[in-house]
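Biologist: I am new to this structure and would like to go through the ligand site. Could we take it one question at a time?

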Amino acid sequence: MAKVHIVGAGPGDPELLTVKACRVLAQADIVFYDRLVSADVLAAANPAAEFVYAGKDHGDQEVVQPWIHDRLLEYARSGKSVVRLHGGDPCIFGRGAEEWQFLAENGFEVEIIPGVSSATALPALAGIPLTLRGVSRSFAVITGSCRSDESTDWSRYTAVDTLVLLMAVRRRADIASELILAGRPADQPAAFIERGATPAERVVETTLEEIAGAGVEVESPAVLIVGEVVRLRRLLAGELEAVVSAEVC
Ligand SMILES: C[S@@+](CC[C@H](N)C(=O)[O-])C[C@H]1O[C@@H](n2cnc3c(N)ncnc32)[C@H](O)[C@@H]1O
């Protein structure tokens, strides 16, 4: 029985695909892909493959996900080489693990191929290290989506040096207000990385209080970074003198 590959596509740049992902994509008969998978990444797949869009932007996720499961089962039963392609890493806010479990429960073998997650790659590409000796000893990756936010206790993250928020664009003002209320400094630097790792990438540097005041224009998809490490971006870009050296190292 053919196994199904659940594969991470990385954040958009095809050169951030893993070697293993490239290999299975080149051999795929069916590529079942998400909204955030870029056209450049799809171009790395077997051109003769059947490409099926599994994006969740056309309906309620709780309706679309069972549809995705049904399609996965149908493709797995066909015996063809199936690649289920997720943006970033399949198991970071990607429901790859649920699909893996579903296929395993139905008797299919699954191989997971991790991907480069937007959560860690986009800050690095933008010149924002998530950890740095003397500045940031910890980071947390958190969803800003509404459904999960209903139970988010933002005070849990007050002691975490750097926060990485995915799916936070729509609720950005509320989230920033809640972070300030929970104890983070209002003037703490923050940055949105919009359409990261694509030719349309845009980085917006700001502060928590500006976001809370609804003064920051940004579009989805974007990753929000909150923490002192954001200040390092200009230094790493060569725009500042090495003022940090003694303090930071
Ligand atoms: C459903 S989550 C999927 C995350 C994905 N599994 C990963 O590991 O990157 C979607 C969110 O990831 C972030 N994201 C993914 N790709 C992105 C990109 N190229 N640019 C900016 N944000 C991105 C955004 O916060 C977006 O709302």
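Biologist: Which atom of the ligand does a backbone N or O atom of glycine 196 lie 2.8 Å from?

Modeller: This is a predicted model. Glycine 196 is listed among the closest residues around the ligand. Its backbone N or O atom lies 2.8 Å from a ligand atom, and that atom is a nitrogen.

Biologist: How far is an oxygen atom of the ligand from a polar backbone atom of alanine 222?

Modeller: Alanine 222 is also listed among the closest residues. Here the ligand contributes an oxygen atom and alanine 222 a polar backbone atom, and the distance is 2.7 Å.

Biologist: How much of the accessible area of the ligand does the protein cover?

Modeller: On its own, the ligand has 570 Å² of accessible area. Of this, the protein covers 90%.

Biologist: Is phenylalanine 93 buried, partly exposed or exposed?

Modeller: Phenylalanine 93 sits in the loop between strand S4 (82-86) and helix H4 (96-105). With Ile92, Phe139, Val141 and Met167, Phe93 makes a nonpolar surface patch of about 410 Å². Buried means under 20% relative accessible area and exposed means over 50%. Because its relative accessible area is 42%, phenylalanine 93 is partly exposed.

Notes:
Residues are numbered from 1 along each chain as its sequence is written. This is a predicted model: local features need pLDDT of at least 70, side-chain atom pairs count only at pLDDT 80 or more; totals for chains, interfaces and linings use all residues. Side-chain values use heavy atoms; hydrogens and water are left out. A residue is near a molecule or strand if one of its heavy atoms lies within 4 Å of it. A polar contact is a pair of N or O atoms within 3.5 Å; within protein, one must be able to donate a hydrogen and the other to accept it, and residues adjacent in sequence count only if both atoms are side-chain atoms. Accessible areas come from the Shrake-Rupley method with a 1.4 Å probe; for residues, only the protein chains shown count as cover. Patches are made of residues with over 30% relative accessible area and no salt bridge: like charges are joined within 9 Å, nonpolar side chains (Val, Leu, Ile, Met, Phe, Trp, Tyr) within 5 Å. A salt bridge is a side-chain nitrogen of Lys or Arg within 4 Å of a carboxyl oxygen of Asp or Glu. Helices (H or I, at least four residues) and strands (E, at least two) are DSSP runs, numbered from the N terminus. Buried means under 20% relative accessible area, exposed over 50%, partly exposed in between (1.4 Å probe, protein chains only).
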